[in-house]
There are 2 protein chains.
Amino acid sequence: MNEKNQASRRHFIRNTTLATTAALSLPSLVTSAFAAEPARKRISLQKEDIILFQGDSITDAGRKKDDANANAASALGSGYAMTAASELLYRYADKNLKVYNRGISGNKVYQLAERWQKDCLDLKPNVLSILIGVNDFWHTLVNNYKGTIDTYRNDLTALLNRTKQTLPDVKLIIGEPFAVTAIKAVDEKWYPAFNDYRTAAREIAQSFDAVFIPYQAVFDKAQQSAPGGYWTHDGVHPSLAGARLMAHAWLEAVKG
Amino acid sequence: MNEKNQASRRHFIRNTTLATTAALSLPSLVTSAFAAEPARKRISLQKEDIILFQGDSITDAGRKKDDANANAASALGSGYAMTAASELLYRYADKNLKVYNRGISGNKVYQLAERWQKDCLDLKPNVLSILIGVNDFWHTLVNNYKGTIDTYRNDLTALLNRTKQTLPDVKLIIGEPFAVTAIKAVDEKWYPAFNDYRTAAREIAQSFDAVFIPYQAVFDKAQQSAPGGYWTHDGVHPSLAGARLMAHAWLEAVKG
């Protein structure tokens with residue numbers, strides 16, 4: 001175990017023994033999760049902007065796949081993308097935004113790439129939010145998936161390079177893959193390996209000048225208010241409370 | 001046309017010609033909608049509180065009827081009840097709230113009464129939110145429904161008396177029936193008659209010491225930011241943006 005992995009291991013242990021006595025409000029906890037982000041920035045939303053949420057089941061959240069419309073509740077699912085969208089459409093009503101969700105359950109990066117033309121480039125988003133990576137790791141444990149951390153890093157970098165070639169002005173938001181430790185699916189077999197995916201997402205966000213959403217810190221800090229099982233039922237998929245928590249963090253990435 | 005009806009008529013005309021130049025933010029517009037409420041109050045939420053949303057299609061919003069669980073996104077639908085619930089569960093995470101939605105599309109007051117034992121009293125809510133009335137009027141225009149304003153007033157009063165008998169400590173929230181004029185279903189045939197349902201809901205709320213949510217003013221004022229068709233597709237059912245607008249107004253009724 002090298003020094004970095006020892007630190008990750010300590011991170012795991014600390015998460016599972018968090019005190020629940022702090023008195024910070026949830027909004028303050030969400031804001032504090034960004035404290036570790038060195039160059040915090042917000043994307044300025046413009047009139048008529050098209051915002052696209054991409055990712056796996058956490059983004060998908062049961063959306064109606066045959067509804068291609070922007071801004072429709074059922075087309076946006078019941079997760080963080082929908083609840084962030086509802087707030088975007090409310091708060092920035094004068095901007096006439098169009099919000100799409102094209103997350104698909106089970107996806108890893110290579111599966112985003114397979115459908116990227118239709119489910120991203122053709123939609124011509126002005127703001128593109130991607131949350132991907134938990135399956136790239138998790139499926140190595142449960143689905144015999146052979147991809148490694150290098151696969152994840154290389155595939156995501158290639159996807160973003162391709163995106164920037166077609167949409168040079170797109171503003172990027174990269175979400176950190178996260179897991180809530182000691183809740184069902186997420187046991188110590190995840191650590192320290194899973195932490196490398198979090199680090200890779202952060203580093204790739206930085207290299208593409210994307211806004212990074214530190215979801216791991218968000219979920220860690222939220223446990224000062226309610227236990228992990230309140231925010232996610234299986235350690236991976238957020239509850240409605242967890243989805244709203246993520247949306248609040250996501251909304252920190254944009255401004256009017 | 002009596003004096004009251006003339007005022008209502010003027011209200012209709014004013015709503016349909018609202019200027020769209022004001023610079024107030026949406027949160028400020030929502031707050032300003034409460035300016036006309038003489039004795040504004042908020043319900044203090046307690047740990048383990050059970051919160052029940054009741055009403056018609058606006059509350060129902062496509063909820064999964066076979067999911068009786070509290071706090072589940074699909075069981076809460078995709079309307080204001082769900083998006084208010086998501087914020088309640090986030091903001092008051094330390095209270096371990098249980099939120100239910102039992103709205104049913106098409107309902108008028110007498111139909112709430114028919115299922116009140118199972119869909120309200122048996123759930124023993126600490127906070128009960130009711131939004132009912134648009135069908136009590138609308139169906140007189142389109143469904144040959146014979147109920148009158150007196151039916152509405154008497155039925156709703158009886159329902160609340162029955163509720164208070166079984167649940168004397170329940171805290172009540174009454175939403176104002178609303179319509180967005182000049183959008184599809186809502187034409188001048190609605191006025192001034194529909195306004196009497198709004199007035200009745202307000203007076204009943206007052207007589208039961210309920211918190212009243214002035215949704216009509218909320219939707220009127222929101223049109224300073226985006227046109228009526230942005231907030232509702234047919235004048236009656238809110239869009240996702242409209243649902244979030246309602247949720248923000250609803251959240252003004254409670255505090256931690």
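In the predicted model, helix α5 of chain A packs against helix α12 (residues 240–251) of chain B. The angle between the two is about 85 degrees, and their axes lie 8 Å apart. Angles of 65 to 115 degrees count as roughly perpendicular, so α5(A) is roughly perpendicular to α12(B). On the α5(A) side, the contact is made by Met82(A), Ala85(A), Ser86(A), Glu87(A), Leu89(A) and Tyr90(A). Their counterparts in α12(B) are Leu240(B), Ala241(B), Arg244(B), Leu245(B) and His248(B). By class, seven residues of this contact are nonpolar, two are polar and two are charged.

Helix α7 (residues 134–142) and helix α9 (residues 193–207) of chain B pack at an angle of about 160 degrees. Their axes are 9 Å apart. Angles over 145 degrees count as roughly antiparallel, so α7(B) is roughly antiparallel to α9(B). The crossing of α7(B) past α9(B) is right-handed. Val134(B), Asp136(B) and Phe137(B) represent α7(B) in the contact. They meet Ala193(B), Phe194(B) and Tyr197(B) of α9(B). Five nonpolar residues and one charged residue make up this contact, with no polar ones.

In chain A, five strands form an open sheet. The strand order is β3-β2-β4-β5-β6, and the pairing is parallel. The edges are held by β3 (98–101) and β6 (211–213) of chain A. Each edge strand has a single partner, so one side of each is left without a neighbour in the sheet. From one strand to the next, the twist averages 15 degrees.

Strand β2 (residues 50–55) of chain A contains Gln54(A). This side chain belongs to a buried residue, because Gln54(A) has 0% relative accessibility. Beyond its neighbours within four places in sequence, Gln54(A) contacts residues that include Thr59(A), Tyr80(A), Arg102(A) and Gly103(A). Leu112(A), Arg115(A), Trp116(A) and Asp119(A) are also among its contacts.

Strand β2 (residues 50–55) of chain B has six of its six residues buried, so it is largely enclosed by the rest of the structure. Both faces of β2(B) are covered. Ile50(B), Leu52(B) and Gln54(B) are buried on one side. Ile51(B), Phe53(B) and Gly55(B) are buried on the other. Two strands of chain B pair with β2(B). Four bridges join it to β3 (residues 98–101) of chain B, and the two run parallel. Here Leu52(B) stands opposite Tyr100(B) in β3(B). Five bridges join β2(B) to β4 (residues 127–131) of chain B, again in parallel. The bridge partner of Ile51(B) in β4(B) is Val127(B).

In chain A, the peptide bond from Tyr191(A) to Pro192(A) is cis, with omega near 5 degrees. Pro192(A) lies in the loop between β5 and α10 of chain A. In chain B, the bond from Tyr191(B) to Pro192(B) is cis, also with omega near 5 degrees. Pro192(B) is found in the loop between β5 (171–175) and α9 of chain B.

Positive phi values occur at two residues other than glycine. Asn96(A) has phi near 50 degrees. Asn96(A) sits in the loop between α5 (80–91) and β3 of chain A. With a relative accessible area of 35%, Asn96(A) is partly exposed. Glu48(B) has a positive phi of about 70 degrees. The place of Glu48(B) is in the loop between β1 (43–44) and β2 of chain B. Glu48(B) is partly exposed, with a relative accessible area of 47%.

Notes. Residues numbered from 1 in each chain as written. Chains lettered and ligands numbered in written order. Predicted model: local features only at pLDDT ≥ 70, side-chain atom pairs only at ≥ 80, totals over all residues. Heavy atoms only, no water. Axes fitted to C-alpha atoms, helices over the stretch in contact; angles between N-to-C directions. Parallel < 35°, antiparallel > 145°, perpendicular 65-115°, else oblique. Left-handed = near helix turned anticlockwise from the far one by under 90°. Contact = heavy atoms within 4.5 Å. Nonpolar A, V, L, I, M, F, W, Y, C, P; charged D, E, K, R; others polar. Buried < 20%, exposed > 50% of the residue type's maximum accessible area, 1.4 Å probe, protein only. Pairing = 2+ DSSP bridges.
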